[in-house]
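Open your viewer and get ready to click around. We'll take this one stop at a time.

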Amino acid sequence: MTTDGHRVADSDMHVLEPPDLWQRYIDPAWRHAAPVGLTELRRDMRVKVKSHVMLRIGTVRPVTGTAGAAWSAEQDRLFAHAEERGWDPTSQVEAMDAERLDVAVLFPSRGLFVLGLDSPQVMGIDGLEPGLAAAIARAYNDWLADFCRQYPDRLLGAAMVAPHDVESAVAETRRAVEQLGFRAIFLAPGSVNRRPWHDRHYDPLWAECERLGIPATFHGGGQTFLKPDFSLEVFDKLMMWHTFNQPLGMMTVAVSLTSGGVFERFPRLRVGLLEGNCGWAPWLFHRLDEHWEWVGRYEVPELRRKPSEYFRTNCFLSVEADEEPVRDYVAWFGDDNLVFSTDYPHADSKYPRSLEYLAKLPLSEVSRRKILWDNWCRLYGVSRVT
């Protein structure tokens, strides 16, 4: 709880899964092709899938002292205990206690990138076969279910589903919710087979999420082999490409779902757009609404409302602990669809002072309470008195 006694939920806390997760959990029929987590780098989050390593490491430079290091000496100290414990469930809950979190929905680290290959139809023999992609997702979900089972009242799972085969994705969504007790599914924003998210090909997945009452969440990250590459491919420094990578992914998904008729077809579908900031939304939807008024009646006559109105009713964005432009978001959209994330244990997290940073943002106490608890409950379909 916060110091004022109100409950706090993390919409997007990360686990650091073991490098041999897929070798241990994947269906034996696919074990020969199981992804392998790499361990050469400090807190290495890369994973090898077939002949590709993701996330793509980019330009390599010599390091002298701490120059060029993404991790600080302070983080080395803060994460030492969790590393000694192998990032196990107990260390996860201890980190939550340090941040004064009551409950968290868990997302992966290596698993953010493990499905970052397009299909053989696009990539040829190096592509990710739909059957293997589905097996990778099932293995991660089985591992995460075991992880959460030790603290079921505090650790909630978001299921990995593979868009490489929608029928399998629907089946895994159903299994993850009905058998594993997960609260959401997550997808990377990059497209498979060049299909945008509003393509009716994905309608069975949205229909299943709507039926089950769970959100579809999107979470980007590093550079993978899906297209478009939201890091824009021309930048050779983390400072540059990472600035674009996550926000642009969320912006693309938001445009696709709101303007492509998904929420018109599935009005009860909730979508979380996570770890991509919120400050871009006023500009984006002002411009998108303008284009809807200009050519929408010809191009998307099925839309009965402005894109921004679908966004208000169906989408949630996460706000970073130190994201001062949140004032502009709240002035434009209000405070009903923002949720909070610590991003633990990644290098750009403010752990263990995320709530201290959030307290300094230009938000009213009412808005803060909504962001820390009420809106999270609405996004994930959890009772506010849980």
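Here is a short tour, from the whole chain down to single residues.

**Before you start.** This is a predicted model, so local features need pLDDT of at least 70, side-chain atom pairs count only at pLDDT 80 or more, and totals for chains, interfaces and linings use all residues. Residues are numbered from 1 along each chain as its sequence is written, and side-chain values use heavy atoms, with hydrogens and water left out.

**Stop 1: the whole protein.** Show everything as a cartoon and you'll find 14 helices and eleven strands. Helices (H or I, at least four residues) and strands (E, at least two) are DSSP runs, numbered from the N terminus. The radius of gyration is 20 Å, close to the 21 Å that the globule rule gives for 386 residues, so the protein is as compact as a globular protein of that length. That radius is taken over C-alpha atoms, and the rule is 2.2 Å times the number of residues to the power 0.38. Along its principal axes, the C-alpha trace spans about 55 × 55 × 45 Å. Of the 386 residues, 55% count as buried; buried means under 20% relative accessible area, exposed over 50%, and partly exposed in between (1.4 Å probe, protein chains only).

**Stop 2: the S2-S3-S4 sheet.** Together they make an open sheet of three strands in the order S2-S3-S4, with antiparallel pairing. Which residue stands opposite glycine 37 in S3? Look for valine 47.

**Stop 3: parallel strands.** Now select S7 (residues 184–187), which pairs with S8 in the parallel sense over three bridges. Phenylalanine 186 has threonine 217 in S8 as its bridge partner. Move on to S8 itself, residues 216–219. Both faces are covered: Ala216 and Phe218 are buried on one side, Thr217 and His219 on the other.

Next comes S9 (residues 271–274), where Val271 and Leu273 point one way, Gly272 and Leu274 point the other way, and all are buried. Four bridges join S8 and S9 in the parallel sense, and phenylalanine 218 has leucine 273 as its bridge partner. Finish with S10 (residues 315–319), paired parallel with S9 over three bridges. Here valine 271 stands opposite cysteine 315.

**Stop 4: helix H7.** Select residues 203–212: seven of the ten residues in this helix are buried, including Trp206 and Cys209. The buried residues pack against H6 (166–178), S7, S8, H8 and H9 (262–265). Just after H7, click on glycine 213, which takes a positive phi of about 75°.

**Stop 5: out to the surface.** Is valine 234 buried or exposed? Select it in the loop between S8 and helix H8 (238–259). Valine 234 is exposed, because its relative accessible area is 67%.

Conventions: Pairing = 2+ DSSP bridges. Contact = heavy atoms within 4.5 Å.
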